[in-house]
Amino acid sequence: VTENPDRPAPRTVRVGLLGCGTVGGALTELVTGRCDDIAARTGVRLTVSRIAVRDARRPRQVQLADAVLTEDPASVVTADDVDVVVEVIGGIEPARTLITTALRSGKPVVSANKELLAHHGAELFELADAHGVDLLFEAAVAGGIPFVRPLRESLAGEDVTRVIGIINGTTNYILTKMTEEGWSYTEALAEAQALGYAEADPTADVGGFDAGAKAAIIAGIAFGVALSAEDVHHEGITEVSADDIATARRLGFQIKLLAVAERFDDNSVAVRVHPTMVPEEHPLASVRDSFNAVFVEGRAVGELMFYGRGAGGGPTASAVLGDVIDASVNLVQGSHASLGVFTPASLRPQSELPSAFYLAVEVADQPGVLATVAGVFGTNGVSIRSMEQVGADGDATARLVFITHAAREADVSATLIKLRSLDVVGSIDSVIRVLGDA
Ligand code: NDP
Ligand code: HSE
């Protein structure tokens, strides 16, 4: 793309970068490589004028001039030669204070920090509005997939009823490698870290916190309600065993860490993250490796699916760069975007939600045991969809594998408590929700 001689010369917008790790490094390379094209297309010439890191002497993949590097991030957000601030440090502090200072100084901010936005988004968006500047965060949800902007703009008038997503690349990568390559959990996690997918503390990924934060942000925009990461029920993948994966495959399912945000007819909402058995024929079952996908259901639009790379430097930097261009063009034009008004969320308790379950129960292999166990499901109002017994002739114990129809989670919990109290029940090894029978 060449610059149009009839258009005014591009306006230079100077970017102050907070953090130059996986995402910040990839962004710096992208800006350097793409700035001429971006200037010709948008009339805005981007340049990275300052970069804050924790340790300026650390070797980096990307070539940086000493003059732009600093270990003092506070100096970046107030610098006269910084027009737009990009926060890719991660975590709550110092990111929260730095963004607050930038917004108060009238500087637009782009952030990839879902943890911060899921906990303190409301206060930061209000501040951005009050100072008439952008706070954009496309990369905070589903990495490189353009999803936040379609949700907040293209679907602004849609009555969204449910969003189901695979929104953590690390856990999807781990589950894929365990399923397809027979890797151990530890091997797969180490590789996800080496590839730059995992958070600084990977507990955030494998414990479901990262997906929970993203789900809170998604639900907020999709339903126009104010909620935070604390409102999301989350379970991680650490309890998912190789045995569960093998049984799921044999029964025609893939185990995925799903985020589910729902709005019910009474306008209550529920947001949860948990390992889920997804039927092979469902589009989400074929989402592999670090790929993410978000499935949206709306009353007028029907079903939509967004798919792409949810983690990694390049894809995430691409989403950040889109926001930087948007914020820069808005800055030059003296405008900014707003998220609008959020109403308080009425949360439906997890215990009241309908879910189908997969349960593996170790029992004594004796006459009448199956009838006793099945009876416990029935008396607690949980209907069984399928059952199989696994166990060789002559074994003293057998493994009963149940899949239930959708039932109130409170009723399933009551079933589990009763089953565990029976002498003929040894252990209940696996309790995993199943998608598709609501
Ligand atoms: P990294 O750990 O790779 O990079 C963090 C950067 O921040 C490093 O350059 C580090 O400096 C710098 N830093 C940390 N603390 C400070 C501080 N107190 N002052 C100045 N600089 C500091 O993280 P990522 O790039 O992976 O992630 C950044 C953000 O992007 C996070 O919010 C993450 O959740 C989000 N994100 C990441 C994705 C990914 O795939 N990696 C995808 C989507 C979002 P130094 O280099 O000296 O250590
Ligand atoms: N750790 C995150 C993941 C990065 O694995 O999805 C993207 O937000």
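This is a predicted model: local features need pLDDT of at least 70, side-chain atom pairs count only at pLDDT 80 or more; totals for chains, interfaces and linings use all residues.
Entry on ligand 1. I began with the surroundings of ligand 1 and found 25 residues around it, the closest being Cys20, Asp55, Arg60, Glu199 and Gly312. Sorting that shell by class gave me 11 nonpolar, eight polar and six charged residues. I then looked up polar contacts to oxygen atoms of ligand 1: a side-chain N or O atom of arginine 60 is 2.8 Å away from one, a polar side-chain atom of lysine 114 lies 2.9 Å from one, and a backbone N or O atom of glycine 21 lies 3.1 Å from one. Of the 910 Å² of accessible area that ligand 1 has on its own, I note that the protein covers 87%.

Entry on ligand 2. I listed the residues surrounding ligand 2, among them Lys114, Tyr197, Glu199, Asp205 and Lys214, and noted that helix H6 (169-180) and helix H9 (209-223) each supply at least two residues of this shell. By class I have three nonpolar, four polar and five charged residues here. Taken alone, ligand 2 exposes 260 Å², of which the protein buries 94%.

Entry on glutamate 409. I placed this residue in helix H13 (residues 409-420), and I count glutamate 409 as buried because its relative accessibility is 7%, under the 20% cut-off. Leaving aside neighbours within four places in sequence, I found glutamate 409 in contact with Arg272, Gln350, Ser351, Leu353, Ser355, Phe357 and Arg433.

Methods
Residues are numbered from 1 along each chain as its sequence is written. Chains are lettered from A and ligands numbered from 1 in the order in which they are written. Side-chain values use heavy atoms; hydrogens and water are left out. A residue is near a molecule or strand if one of its heavy atoms lies within 4 Å of it. A polar contact is a pair of N or O atoms within 3.5 Å; within protein, one must be able to donate a hydrogen and the other to accept it, and residues adjacent in sequence count only if both atoms are side-chain atoms. Accessible areas come from the Shrake-Rupley method with a 1.4 Å probe; for residues, only the protein chains shown count as cover. Ala, Val, Leu, Ile, Met, Phe, Trp, Tyr, Cys and Pro count as nonpolar, Asp, Glu, Lys and Arg as charged, and the others, Gly among them, as polar. Helices (H or I, at least four residues) and strands (E, at least two) are DSSP runs, numbered from the N terminus. Buried means under 20% relative accessible area, exposed over 50%, partly exposed in between (1.4 Å probe, protein chains only). Contact means heavy atoms within 4.5 Å.
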